[in-house]
Amino acid sequence: MMAGGPKVAIVGAGGHAKVVIEIIRSQGIHEVVACTDMDPSPRQVLGVPVVGSDECLPSLLNQGIRCIFIALGDNALRLRLGRQVESLGFDLINAVSPSAVVSASARIGRGVAVMAGVVINVDADIQDFAIVNTRASIDHDCQIGEAAHVGPGTTLAGRVQVGRLAFIGTGSSAIPGTTIGNGAIVGAGSVVIRDIPDCAFAYGCPAKVIRML
Ligand code: JB2
C-alpha cells in the first residue's frame, strides 16, 4: 500500500471494490483509506475500513480525503453516484492495472476501471465511469461509452461503439465497426456481427435481440 500518497475513498465494499482497491494499491500513487457502503456495518475490505454509508462522504472530504473512486458494478448507480461526488468536490481517479497494455493515444476518462490483462489499442476512447474488465481487448478506434461495462475476456475488434450504460457479458466478441446501443445488454459468450439497438437485450452466436429492456 502507498502510505503518504494522496488519500482516496472507495464508494462500495463488495466484489468490485476489492478488485479496485488492489489495482489502486498496485498503481502506487494513492493511499486507500476508507470505503463507504449501503451496508454501513463496521468491517474491512482488504484491510480498508468501511466507515459508514455515503452520508459520510462530505465529512471524509472535510478530513482532507479529496480523491474518490466509485467501485460499484451497477452501471446506472455508478454513474449517478459519480456525478454526485463530483459535485461535492471530490477528484475522480482512475484504477488502471499496471498489467494492462494501454496505447499512449487512447483516451481514458475519469472514474474508469481497467483490470488486469486488458489491452486498449490506438485511438480508443474510454469514457467516464466505464469498466473494462479482466483480460478484455479493446481494439483501435473503439469507443466505450459513459458508465458502460465490457465484461471479462470480451474482445472488441476495431471501431466498435459501445453505448452509454451498456453491458457486454463475459467472453463476448464484436466484429469491426459494430455498434452496441445505449443501455443495451449483450449476454455472455455472444458474437455481435450486426448493430444492437439501444436498450435491447441480445444474446447468442450471432447475437440476436431477445427483447427490449
Ligand atoms: O448506493 C450505494 C450502494 N448500493 C449498493 N452506495 C454504496 N456506497 N454502496 C452501495 N451498495 C453496495 O454495493 C452493497 O451494499 C454491496 O456491498 C455492494 C455491491 O457488492 P457486490 O459484490 O454485490 O457487487 P459489486 O458491485 O461490488 O460487483 C459486481 O460488479 C463487478 C463488476 C459483481 O457483479 C462483480 O462480480 C463484478 N466483477
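Buried means under 20% relative accessible area. The legends below describe a predicted model.

**View 1. Histidine 149 in strand β16.** Histidine 149 is found in strand β16. Its relative accessibility is 11%, so histidine 149 counts as buried. What does histidine 149 touch, not counting residues up to four places away in sequence? The list is Asn75, Arg78, Ile131, Asn133, Ala166, Phe167 and Ile168.

**View 2. Threonine 154 in the loop between β16 and β17**. The loop joins two strands in the numbering, β16 (149-150) and β17 (155-156), and threonine 154 is found between them. Is threonine 154 buried or exposed? Threonine 154 counts as buried, because its relative accessibility is 0%. The side chain of threonine 154 reaches the backbone nitrogen of serine 172, at 3.2 Å. Serine 172 is also among the residues that threonine 154 touches. Residues up to four places away in sequence are not counted here.

**View 3. An open sheet of 6 strands**. The strand order is β8-β11-β14-β17-β20-β23, and the pairing is parallel. β8 (101-102) and β23 (191-192) stand at the edges. Each has a single partner strand, so one side of each is left without a neighbour in the sheet. At one end of the order, strand β20 (residues 173-174) pairs with β23 in the parallel sense, over 2 bridges. Alanine 174 has valine 192 in β23 as its bridge partner.

**View 4. Valine 102 in the edge strand β8**. Valine 102 lies in strand β8. Its relative accessible area is 32%, so valine 102 is partly exposed. Which residues are in contact with valine 102, leaving aside its neighbours within four places in sequence? They are Val96, Ile108 and Ile120. Valine 118 is 16 residues from valine 102 in sequence. In space the two are 7.9 Å apart, C-alpha to C-alpha.

**View 5. Valine 191 in the edge strand β23**. Valine 191 is found in strand β23. With a relative accessible area of 23%, valine 191 is partly exposed. Valine 191 is in contact with Ser173, Gly204, Cys205, Pro206 and Ala207, leaving aside neighbours within four places in sequence. Valine 50 lies 141 residues from valine 191 along the chain. The C-alpha atoms of valine 191 and valine 50 are separated by 40 Å.

**View 6. An open sheet of 5 strands**. The order is β9-β12-β15-β18-β21, with parallel pairing. Which are the edge strands? They are β9 (107-108) and β21 (179-180), and each pairs on one side only. Strand β18 (residues 161-162) pairs with β21 in the parallel sense, over 2 bridges. Within this pair, valine 162 stands opposite isoleucine 180 in β21.

**View 7. Strands β2, β3 and β4**. Strand β4 (residues 48-52) pairs with strand β2 (residues 31-36) in the parallel sense, over 2 bridges. Threonine 36 has glycine 52 in β4 as its bridge partner. Strand β3 (residues 44-45) and β4 run antiparallel, joined by 2 bridges. Here glutamine 44 stands opposite proline 49 in β4. β3 and β4 form a hairpin, with 2 residues between them. In the turn, leucine 46 has a positive phi of about 50°.

**View 8. The shell around the ligand.** The ligand is surrounded by 16 residues. The closest are Gly15, His16, Asp37, Asp54 and Gly73. By type, the shell divides into 5 nonpolar, 8 polar and 3 charged residues. Two helices, α1 (15-27) and α3 (75-88), each supply at least two residues of the shell.

View 9. A polar backbone atom of glycine 15 is 2.9 Å from an oxygen atom of the ligand. Threonine 36 places a polar backbone atom 3.2 Å from a nitrogen atom of the ligand. For methionine 38, a backbone N or O atom lies 3.1 Å from a nitrogen atom of the ligand. Taken alone, the ligand exposes 760 Å², and the protein buries 61% of that.

Notes
Residues are numbered from 1 along each chain as its sequence is written. This is a predicted model: local features need pLDDT of at least 70, side-chain atom pairs count only at pLDDT 80 or more; totals for chains, interfaces and linings use all residues. Side-chain values use heavy atoms; hydrogens and water are left out. Helices (H or I, at least four residues) and strands (E, at least two) are DSSP runs, numbered from the N terminus. Buried means under 20% relative accessible area, exposed over 50%, partly exposed in between (1.4 Å probe, protein chains only). A polar contact is a pair of N or O atoms within 3.5 Å; within protein, one must be able to donate a hydrogen and the other to accept it, and residues adjacent in sequence count only if both atoms are side-chain atoms. Contact means heavy atoms within 4.5 Å. Two strands pair if DSSP finds at least two bridges between them. A residue is near a molecule or strand if one of its heavy atoms lies within 4 Å of it. Accessible areas come from the Shrake-Rupley method with a 1.4 Å probe; for residues, only the protein chains shown count as cover. Ala, Val, Leu, Ile, Met, Phe, Trp, Tyr, Cys and Pro count as nonpolar, Asp, Glu, Lys and Arg as charged, and the others, Gly among them, as polar.
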